[in-house]
Amino acid sequence: MNDLVDTEGAADAVRREFERVHGRAPEGVWAAPGRVNLIGEHTDYNDGFCLPMALPRTTVLAAGRRDDGLLRLHSTRGGEGRITELRVAELAPGGVTGWARYPAGVVWALRERGLPVGGADVHLDSTVPVGAGLSSSAALECAVAVAYDELYGLRLDRPETARVAQYAENAFAGVPCGVMDQMASMCCTEGNALHLDSRTLEVRQVPFDLTGHGLRLLVLDTGVSHDLADGAYAALRAGCERAAGLLGVAALRDLGGADLPAALAGLPPELAPLVRHVVTENERVGQAVDRLAAGAPEALGALLTAGHASLRDDYRVSCAETDLAVAAAVGAGALGARMTGGGFGGSVIALVREDAAEGVARAVAGAFASAGFKPPSVLEAVPSAGARRTA
Ligand code: ADP
Ligand code: MG
């Protein structure tokens, strides 16, 4: 379960593989992390608040410019070892399929901003589990974005870079995600959770000292792959926008707990639970930040479990595997647990006291075996650094 991931070692391997694949040396190697969200789920596209932290797992990317306008993409985990070759000037939404639409989308989005970007050779690899709700897509986008920023001297600030990456995922890859994942990958710092206001992109680094408090944060990957592009996410998003319109607010973020009874009374039954989740979830983020600021990270536990219940019962984005992982973890003594990420599968986080970690992991594995689910994989989250150049 010890999850010390060696990004520097990975950078060496990625540099060597770049040289083998592209037959030249890269100009640099960059890394961008995946994330877990502690609390604040499905709030970002409602202009709300969330509290993610970066994982020690990263997408590592080597790149070098080309002056012929070609973008030549290679990934250890995509495209069966082939290079995808694209012409930067001809990139257009819908024109690229498969994994390459994420990196190509970033280059397209930079061009859409009128920035002077050209071709590149790229090779990448990732220690972020793919499709596990840990944001391998944002890690990939942000790694491309920071590499291009430096190679082409763009000087975008971190929130702007996150917006470019989100625009790539929305408009080019066709996934209507909010901005949390990209902001987490760009703006998180070691030792801290990131308190994000999705409306203004204001961020605050909130110290989250797990080891100092004898705590560990386990990530239980259920192995159930979600597909955010499959319409359910878009439908939820549209439901929230419709509810905001009916309630006369710009976004659900503009409602507080005190507004809730009146708001719920006036909404059609299919929209009321969505609004209840978003409003209570934004409040849980505020409470979580207060508890961390008070030096009581163990008190996050109850908020995590309450957040999961809200996602399960009101927002209805959990599934049998995530519900079972949460129940088994809490039953085995976790301080709290919840699904993290968009839902419909993916991963669960469990906040545990150090001496309970092994028991909680075993209990979840045992519950999965009894239910006939395939074994979950377990990794450990420590608040890690955001996107950066590594070599
Ligand atoms: P998540 O972000 O939760 O991991 P997504 O469905 O949003 O899940 O993104 C996963 C997709 O991102 C993959 O299907 C693939 O297209 C792309 N991807 C992520 N990491 C890599 C990688 N290292 N190599 C190739 N493609 C990747
Ligand atoms: Mg993603």
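This is a predicted model: local features need pLDDT of at least 70, side-chain atom pairs count only at pLDDT 80 or more; totals for chains, interfaces and linings use all residues.
Student: Which residues come nearest to ligand 1?

Tutor: A residue counts as near when one of its heavy atoms lies within 4 Å of the ligand. Around ligand 1 there are 17 residues, and those that come nearest are S75, G131, G133, S136 and S137.

Student: Which residue has a polar side-chain atom 2.7 Å from a nitrogen atom of ligand 1?

Tutor: Some polar contacts of ligand 1 involve the backbone: a backbone N or O atom of G131 lies 2.8 Å from an oxygen atom of the ligand, and a polar backbone atom of G133 is 3.1 Å from an oxygen atom of the ligand. The side-chain contact with a nitrogen atom of ligand 1, at 2.7 Å, is made by S75.

Student: How much of the accessible area of ligand 1 does the protein cover?

Tutor: On its own, ligand 1 has 570 Å² of accessible area.

Student: Which element gives the most to the shell around ligand 1?

Tutor: Two elements give two or more residues to this shell, strand 6 (119–126) and helix 3 (136–151). By class, the shell holds eight nonpolar residues, eight polar and one charged. The element that gives the most, with three residues, is helix 3.

Student: What is the volume of the largest pocket?

Tutor: The space taken by ligand 1 is this largest pocket. The pocket is lined by 38 residues, with Y102, V130, G131, S136 and S137 nearest its centre. Its volume is about 740 Å³.

Student: How many charged residues does the lining of the largest pocket have?

Tutor: Helix 2 (101–112), strand 6, helix 3 and helix 5 (180–187) each supply at least two residues of the lining, and the largest share, three residues, comes from helix 3. The lining has 15 nonpolar and 15 polar residues, and its charged residues number eight.

Terms used. Residues are numbered from 1 along each chain as its sequence is written. Chains are lettered from A and ligands numbered from 1 in the order in which they are written. Side-chain values use heavy atoms; hydrogens and water are left out. A polar contact is a pair of N or O atoms within 3.5 Å; within protein, one must be able to donate a hydrogen and the other to accept it, and residues adjacent in sequence count only if both atoms are side-chain atoms. Accessible areas come from the Shrake-Rupley method with a 1.4 Å probe; for residues, only the protein chains shown count as cover. On a 1 Å grid over the protein atoms alone, a cavity is a set of points where a 1.4 Å probe fits but cannot get out, and a pocket is an open set with protein on both sides within 12 Å along at least five of seven lines; lining residues have an atom within 4 Å of a point. A molecule sits in a cavity or pocket if more than half of its atoms lie within 2 Å of its grid points. Helices (H or I, at least four residues) and strands (E, at least two) are DSSP runs, numbered from the N terminus. Ala, Val, Leu, Ile, Met, Phe, Trp, Tyr, Cys and Pro count as nonpolar, Asp, Glu, Lys and Arg as charged, and the others, Gly among them, as polar. Grid points are joined across faces, edges and corners, and a volume is the space filled by probe spheres set on the points.
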